[in-house]
Amino acid sequence: MSLISLQNVDFDFGREPILRGASLTLLEGERYALIGQNGAGKSTLLNLIAGELEAHGGERQAAGGVRVRLLRQSSSLTAGPDAALNVYDTVAASAFSRELHLEAELARLADTLAAAPPEQAVAIAHEQGRLQADYEHRDGYTWRARLEQALAGLGLPQEAWRRNPGVLSGGERRRAALAAALLDDAQVLLLDEPTNHLDLDACEWLEQRLLRRPGAVLVVSHDRWFLDRIATRTVHLHRAKLTAWAGNYTAWLRNSAEQRQRDESAWRKHQERVEKDEDFIRRNLAGQKTKQAQSRRKQLAKEERIERPVAGPTSFKFDLVPERESGVTAFEATGLAKTYGAAPLFEGLDLRVARGERLGVVGLNGCGKSTLLKILAGSVIPERGRVVVGHNVDLGLYDQHLGNVTDRNTVLEELASVWPAATQGELRSFAGAFGFGADMIDRPVGRLSGGERGRLSLMRLIKEGHNTLLLDEPTNHLDIGGREALEEALQEFTGTLVVVTHDRSFLDRIARRLLVFGRDAAGRATTAQFAGGWSEYVARREEAAAAAAARAAEAKAAAGRNASVRATAPASAPSAEGPLSKNEIRRRQEWIEQAEAEIAALEEEKVRLLAELADAGTKPEARVAASKRIVEAEGEIEEWMGKWEEWSREIS
C-alpha cells in the first residue's frame, strides 16, 4: 500500500537546483535508505515528504489519515511549555499523548460514575467502556514499559530520566528525542542521522527496533553497517536526480556500478554510431551519394539522442605517508587507572601496541575510550599506572572536538602551517581535493561547519607525516564518500593506528584487534581484548549467545525430566516416631541421590553463568538475566542442601 508519494517534484534553493523531476513512493512495510553526498538535499527531501516544505513543481500525495513523524538531524528533546516536566514525562507526553488523555478521562469517568444518579450511570458506563476499549486497542497497559525499554535501549541512563531536559547533554537530549520518535505510532517515520550520539549497543538496539516496526521508514545515514542491516530499498540523490533501487546499501553499491557501466557502454556505442553517420554525411552530402547522406541526416535529426550517464559521486583521495619509521613498540601501558568524578572509567588496564598494529577501541558512551587516547597522547595523566612511548614515535591525535585547528586562521593558513614549502597553487589544489573550493579557501576556520572542520583536521594530519595516529571518531563529520576515502588511505598507511569509532563498517575494514570497554553485572567497568576484527567479534558473540540459549534449553529440558522425581521427594520428610523401615530408608537414599544430582547441576549452571558475566561480549540484558538466575540458583542449592541434611540425619 502506498502511504506517501512524490511525483515529478522540482525544488530549488535560490538558483541552486535540489530536485528535478523527482519521484518516490513510500510503501507500507518497506524501509528506505536515503543516501547522497553532504549538501545534496537529503534533509530538504525529508521535509518535502513530511509536507513541511512545498514543492516548486510536481505533486505530493498522501493516503487518507496517514501520519508522518520526522526526526531532523538537529532535533533534540526540549522541556516544552511545562518546564517542570522531566525527561520521562516529556517523552511520554510526546509519544503517548492519546494514552495519557485516555487515562485521565477514564479516571474522571470513574469518579463521576461513583457519584452519578442511576439514570445517568448507564450512559457514563457506556462511555467508560468505549474509552477502555480504545485504551486496550492501543496497548495502553504497556506504554510505560515500552517507554523505559526505549530510553534504556538507546543508552539513556535511568538517573537522566528524572532530570529536566535542559540540564542534559546534547547527545542525551538527541537520544531522548529519538526515543519519542520511535514510540510514536505514525505510519511513516523519517529519521535524519539517527545513529549520531549512539554507541554500538544502542545502534544494534535501534536496528532491531526498526526491523520490527510496521508502516514505512526512511532513514538518512552515513552508517553503512546500519543501512545494510535495516534497508530493503535504497534511494540515491545525486545532482538533483532521485533514483530508487531494491536492496540495501551494499546491493546499491554493486548494482549501481554495474548499471553505470552498462549505461556508459550504451552511450559510447551510440556516440560512435552518431559520429560515423555524421562523418558519412559530411563526406557525401555533395558527392555521388547525396541522397543517402540526406536520408541519413533526416534520420539522425529525428533520432532521440542518448545523454551521457551522470557520473557517480567522486571523493577525494589521499595518502598518509610517515616521515620516519618508529621503533618496534609504539606504546606500553601498564596498570592504567582513571576515574571521572567518583566513577571509575578503567582499572588495571595493560596494553601493548606494536608498530604497524591497527587497534579498534569500542564500548559504551562515557566509558573512557577518548580518555584512554588522551592518556596515550600524554595530554591526560592517569591516576595510577604509566605509559611508555616507543622510540621514534611521532604521535598525531585526531580529537572528535577538532581541537587541532585554530578558529582565527583561514583554511589556507591552516594548510600552509603544516606544508610551508607548498606553493599557493599546490595548497589550493590540495584543498580542492577535500571539497574546499575557491570560495572557501580564505574563510576563517571559525565559520566552517563541523564536517568542514573535520576534513581540515584530517588534512593537517596527512601533511604532518605522523607514524602513529590516535583517531577519536574520525568519521563523525564525513559523508560516505569521505569515510571510504579515509578507509582507503588508512589501509595503505604503514604506521600504527589506534582508533575509537562507532562506525562498524569503518572498524571492520581497519581494525585487526579490539579493546572492548564494558560493564559487569554489578555495573563495574571492565576491559577485554579481542584478537580479530569487528565481524569476527560479532560472530564470536553470536556463537556465545547461541551456546547460552542451547544451555538454557537443555537446563529447561532437564528440569522437566526431573519434575516427576521432585514431585515424589517431599519438602520435608514426615518425622519418624520409631526406626525407619527398609523401604523408608531406601526411599530416603533415592531422595539424597536426587538432591546431590540437583546440587551438582545447579553448581554447574552457576559456573556457566559466571563465565557469561566475565565475558565482555555479553549484552546488558543477558547480564541482568544471568545475575538474576545466579541468585535463584543459590536459593535452590540452599533448599536442596537443607533437604539433603535432613534425610541424611534420618538414615544415620
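**Group meeting: a walk through the predicted model**

Let's start at His-270, which sits in helix α10, residues 249-284. Keep in mind throughout that this is a predicted model. Is His-270 buried or exposed? Its relative accessibility is 6%, and the cut-off for buried is under 20%, so His-270 counts as buried. What does His-270 touch, leaving aside its neighbours within four places in sequence? The contacts are Glu-303, Glu-304, Arg-305 and Ile-306.

Now the β8 end. Strand β8, residues 233-238, runs antiparallel to β9, and six bridges join the two. Within that pair, Val-235 is opposite Ala-244 of β9.

Next, the three-stranded sheet. Its order is β2-β1-β4, it is open, and its pairing is antiparallel. Leu-6 is opposite Arg-60 in β4. Helix α1, residues 42-50, lies across β1, β2 and β4. Relative to β1, α1 runs at about 130°.

Now strand β12, residues 358-362. How many of its five residues are buried? Five of the five are, so β12 is largely enclosed by the rest of the structure. In a regular strand, side chains alternate between the two faces of the sheet. In β12, Arg-358, Gly-360 and Val-362 point one way, while Leu-359 and Val-361 point the other way. What are the partners? β12 pairs with strand β16 (residues 496-500) in the parallel sense, over four bridges. Leu-497 in β16 is the bridge partner of Arg-358. β12 also pairs with strand β17 (residues 513-519), in the parallel sense and over four bridges. There, Arg-513 in β17 is the bridge partner of Leu-359.

On to helices. Helix α4 covers residues 118-137, which is 20 residues. From first C-alpha to last it reaches 29 Å, close to the 28 Å expected at 1.5 Å a residue. Ile-124, Leu-131 and Tyr-135 of α4 are buried. These three cover an arc of only 50° around the axis, which puts them on the same side of α4. They pack against α3 (97-115) and α5 (143-153). What about the face turned away from that buried side? It carries the exposed residues Pro-118, Glu-119, Val-122, Ala-123, His-126 and His-137. Just after α4, Asp-139 takes a positive phi of about 55°.

Compare helix α14, residues 424-433. Its buried residues include Leu-427, Phe-430 and Ala-431. Their arc around the axis is only 100°, which puts them on the same side of α14. Among the elements covering the buried residues of α14 are α13 (411-418) and α15 (450-464). Just after α14, Gly-435 has a positive phi of about 90°.

A helix pair next. Two packed helices are described by the angle between their axes and the distance between the axes. For α2 and helix α7 (residues 170-183), the angle is about 30° and the axes are 8 Å apart. The crossing of α2 past α7 is right-handed. Which residues meet there? Val-87, Val-91, Ser-94 and Ala-95 from α2 meet Ala-176, Ala-180 and Leu-183 from α7.

Last stop, Ser-74. This residue lies in the loop between β5 (68-71) and α2 (87-95). Ser-74 is exposed, at 63% relative accessible area. How far is Ser-74 from Glu-193, in sequence and in space? They are 119 residues apart in sequence, and 9.3 Å apart in space, C-alpha to C-alpha.

Note on methods:
Residues are numbered from 1 along each chain as its sequence is written. This is a predicted model: local features need pLDDT of at least 70, side-chain atom pairs count only at pLDDT 80 or more; totals for chains, interfaces and linings use all residues. Side-chain values use heavy atoms; hydrogens and water are left out. Two strands pair if DSSP finds at least two bridges between them. Contact means heavy atoms within 4.5 Å. Axes are lines fitted to C-alpha atoms, for helices over the stretch in contact, and angles run from 0 to 180 degrees between N-to-C directions. Buried means under 20% relative accessible area, exposed over 50%, partly exposed in between (1.4 Å probe, protein chains only). The arc is that of the directions from the helix axis to the C-beta atoms. The expected span of a helix is 1.5 Å times one less than its number of residues. A crossing is left-handed if the near helix is turned anticlockwise from the far one by less than a right angle, and right-handed if clockwise.
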